[in-house]
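Here is a short note to read alongside the model. Please keep the 3D view open as you go through the points.

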Amino acid sequence: MIETKEQREKVLLVAVDLEDGTDVASSLDELAELADTAGADTVGRLIQNREAIHAATYIGKGKIQELKELVWQTEADTVICDDELSPAQIGNLQEALDCKVIDRTVLILDIFAAHASTSEGKLQVELAQLRYRASRLTGLGKSLSRIGGSAAGSSGGIGTRGPGEKKLEMDRRLIRERISILNRQLKNVVATRETMRKQRLNNGTKVVAIVGYTNAGKSTLLNALTHSDVLEEDMLFATLDPTTRSYEMENGQKILFTDTVGFINKLPHHLIQAFRSTLEEAKYADMILHVVDCSDENYEIHMDVVYDTLKHLDVKDKPVLTVFNKIDRLRDTTTSDNILKDCRSKDTVKISAKQRLGFEELLQKTEKILNEDFVRIEKTFSYEEAGKIQLIRQYGRLDTEEYREDGIYVEAAVPTEYVGKVMG
């Protein structure tokens, strides 16, 4: 019996180095990882140093000829450019190279289309793809038919998953109508999410949002902390849908950990718009766990991307605990104390989510930050006031409870807003 192995797409990576301090080589390394996640093999790369991106063809004429020869030599199926291209640039490059051309944005959208599993995730991905394509209908011309394929899972290659050929060939009016329908459906999802958030606020449960660069180990950390089974894979964007799990601290306090979509450099604007309700989980949390893969040589750049994305989402004034993950991969852990720092966070901690190292310190610091607004109380409640002790259990932390002749003696910590209700 002959086994047929699925043929992986061969891709060439192209970038323009504007010599503005950006590490273009590292960006292409990440683009190669994205291509691998999308199911393609990188067979070559090309970087051109320019003062500005060529308005018509992204790269200059000489480099186009060099790229054309590289396409022929490597038998590449697709050229992927590291920046977002205009419809004219895509069309001109495809005509010059006689090869499919896509950009970083299409690649990321394609990965999201392949990984979306929930109805909300699929709605968000389709919305992002349609918004992207609607903005590019004018002037796209012949390139539209080259990029288009059949429905999800087709053999059309990278950039064809999701809406598919039928939707790609819609005119602007039909796309607008479809976007309106998706917006209405997502509004219902957002309304449900808002209701759940209000319930969490009303019951006083503290919420911790886990954020970080894609593949930093957020899902692994959530699984290790809460003994859950969120998908964890060593690939970019392994999980898209936010997952919330409950955790009970040693003092009996219940908190909710929420895993979020991983951030990435040059995260497409259309994707941020579509996934705003999901990404904004951090905005409504009581604190943020910023997970950083400290074994990645570009971890400082990744930290900057996360903070920039949070700023873009208007997430501010939230206490941040930076979690330097994967310390088991560091060659020299003795010098990590001097190297691993984050002046933008409230505190830092070093862990290995895989090896469950540093969890005790992580939880201690999490508890400390979450309970900074708690007020310490010592009081003997009459037995008629026993209901107030239940209030402490629900919203605060009950450290001591002694039944005496004159009442119930309590030592506890209570959120500032509940002090009046408990002590009054």
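This is a predicted model: local features need pLDDT of at least 70, side-chain atom pairs count only at pLDDT 80 or more; totals for chains, interfaces and linings use all residues.

The points below go from the whole protein to single residues.

1. The protein has 424 residues, and 52% of them count as buried. It contains 16 helices and 13 strands.

2. **Surface and contacts.** The accessible surface comes to about 20,800 Å². Carbon and sulfur atoms hold 47% of that area. Now look at contacts in the protein between residues with a separation of 6 or more. Of these, 70% join residues 24 or more positions apart.

3. **An open sheet.** Find the four strands that run in the order β2-β1-β3-β4. Their pairing is parallel, and the sheet is open. Which strands stand at the edges? They are β2 (40-49) and β4 (100-103). Each has a single partner strand, so one side of each has no neighbour in the sheet. From one strand to the next, the twist averages 25 degrees.

4. Strand β1 covers residues 9-17, and strand β3 covers residues 78-81. The two pair in the parallel sense over four bridges. To find your place, pick V11: it stands opposite T78 in β3.

5. **Helices across the sheet.** Helix α1 (residues 24-37) lies across β1, β2 and β3. Its direction makes an angle of about 155 degrees with β2. Helix α2 (residues 61-74) also lies across β1, β2 and β3. For helix α2, the angle to β2 is about 165 degrees.

6. **The nonpolar cores.** The largest nonpolar core has 76 residues. Which of them touch the most other members? They are Y58, V79, L93 and L107. Take L107 and leave aside its neighbours within four places in sequence. L107 is then in contact with L31, L34, A35, A38, I80, I102 and I158. Another core, of 24 residues, lies apart from the largest one. Its members include V323, V349, A353 and I369.

7. **A buried arginine.** Locate R197 in helix α8 (residues 172-202). Is R197 buried or exposed? The cut-off for buried is under 20% relative accessible area. R197 has a relative accessibility of 5%, so it counts as buried. Beyond its neighbours within four places in sequence, R197 is in contact with S277, E280, E281 and Y284. V207 is 10 residues away from R197 along the chain, and their C-alpha atoms are separated by 9.5 Å.

Methods: Residues are numbered from 1 along each chain as its sequence is written. Side-chain values use heavy atoms; hydrogens and water are left out. A nonpolar core is a set of buried Ala, Val, Leu, Ile, Met, Phe, Trp, Tyr and Cys residues joined through side-chain atoms within 4.5 Å. Buried means under 20% relative accessible area, exposed over 50%, partly exposed in between (1.4 Å probe, protein chains only). Contact means heavy atoms within 4.5 Å. Two strands pair if DSSP finds at least two bridges between them. Axes are lines fitted to C-alpha atoms, for helices over the stretch in contact, and angles run from 0 to 180 degrees between N-to-C directions. Accessible areas come from the Shrake-Rupley method with a 1.4 Å probe; for residues, only the protein chains shown count as cover.
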